[in-house]
Amino acid sequence: MSNCELLETCGFFKKYQKSLDMACKGFLKTYCHGPQMDECKRKEFRKANGQPPHDDMLPSGQMMPKQYT
């Protein structure tokens with residue numbers, strides 16, 4: 001299993017990597033360590049804007065629902 005090259009600087013990963021929430025685990029498995037790594041909207045945002053997105057932006061591009069932040 002490979003890992004995203006941006007994990008060490010990714011606010012989402014740092015904030016949610018220990019989350020027990022199944023949705024978070026799914027995002028981490030799919031995007032941070034998995035098959036959709038290159039489809040991460042956080043990566044696209046960083047590339048387009050020259051800076052990382054808000055920590056609560058999901059790899060899918062949506063924002064984390066308030067009840068989880």
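Cys10 lies in the segment before α1, which covers 11-16. Is Cys10 buried or exposed? Cys10 is buried, at a relative accessible area of 10%. Buried here means under 20% relative accessible area, exposed means over 50%, and partly exposed is in between, with a 1.4 Å probe and protein chains only. Pro53 is 43 residues from Cys10 in sequence, and the two are 8.9 Å apart in space, C-alpha to C-alpha.

A word on the basis of these values. This is a predicted model, in which local features need pLDDT of at least 70 and side-chain atom pairs count only at pLDDT 80 or more, while totals for chains, interfaces and linings use all residues. Residues are numbered from 1 along each chain as its sequence is written, and side-chain values use heavy atoms, with hydrogens and water left out.

I turn to the chain as a whole. The chain has 3 helices and 0 strands, and from the N terminus on its elements run α-α-α. The radius of gyration of the chain is 11 Å, close to the 11 Å that the globule rule gives for 69 residues, so the chain is as compact as a globular protein of that length. Helices (H or I, at least four residues) and strands (E, at least two) are DSSP runs, numbered from the N terminus. The radius of gyration is taken over C-alpha atoms, and the globule rule is 2.2 Å times the number of residues to the power 0.38.

Along its principal axes, the C-alpha trace spans about 30 × 30 × 20 Å. Of the 69 residues, 35% count as buried. Among contacts with a separation of 6 or more, residues 24 or more positions apart account for 49%. The accessible surface of the chain comes to about 4700 Å², and 53% of this belongs to carbon and sulfur atoms; accessible areas come from the Shrake-Rupley method with a 1.4 Å probe, and for residues only the protein chains shown count as cover.

Which residues touch the most other members of the largest nonpolar core? Of its 15 residues, these are Phe12, Phe13 and Met64. The elements that give two or more residues to this core are α1 and α2, the latter being 22-32. The largest share, 5 residues, comes from α2. A nonpolar core is a set of buried Ala, Val, Leu, Ile, Met, Phe, Trp, Tyr and Cys residues joined through side-chain atoms within 4.5 Å.

Not counting residues up to four places away in sequence, Met64 touches Phe12, Tyr16, Cys24, Asp56, Leu58 and Thr69. Within helix α2 we find Leu28, which is buried with a relative accessible area of 7%. Beyond its neighbours within four places in sequence, Leu28 is in contact with Phe12, Phe13, Tyr16, Gln17 and His33. Leu28 and Tyr16 are 12 residues apart in sequence, with their C-alpha atoms 8.5 Å apart in space.

The loop between α1 and α2 holds Ser19. Ser19 touches Cys24 and Lys25, again not counting residues up to four places away in sequence. Tyr68 is 49 residues from Ser19 in sequence, and the two are 9.6 Å apart in space, C-alpha to C-alpha.

Finally, helix α3, residues 41-49, contains Lys41. How is Lys41 classed at 35% relative accessibility? Lys41 counts as partly exposed. Lys41 touches Met57, Pro59, Ser60 and Gly61, not counting residues up to four places away in sequence. Lys41 and Pro65 are 24 residues apart in sequence, and 17 Å separate them in space, C-alpha to C-alpha.

Technical notes. Contact = heavy atoms within 4.5 Å.
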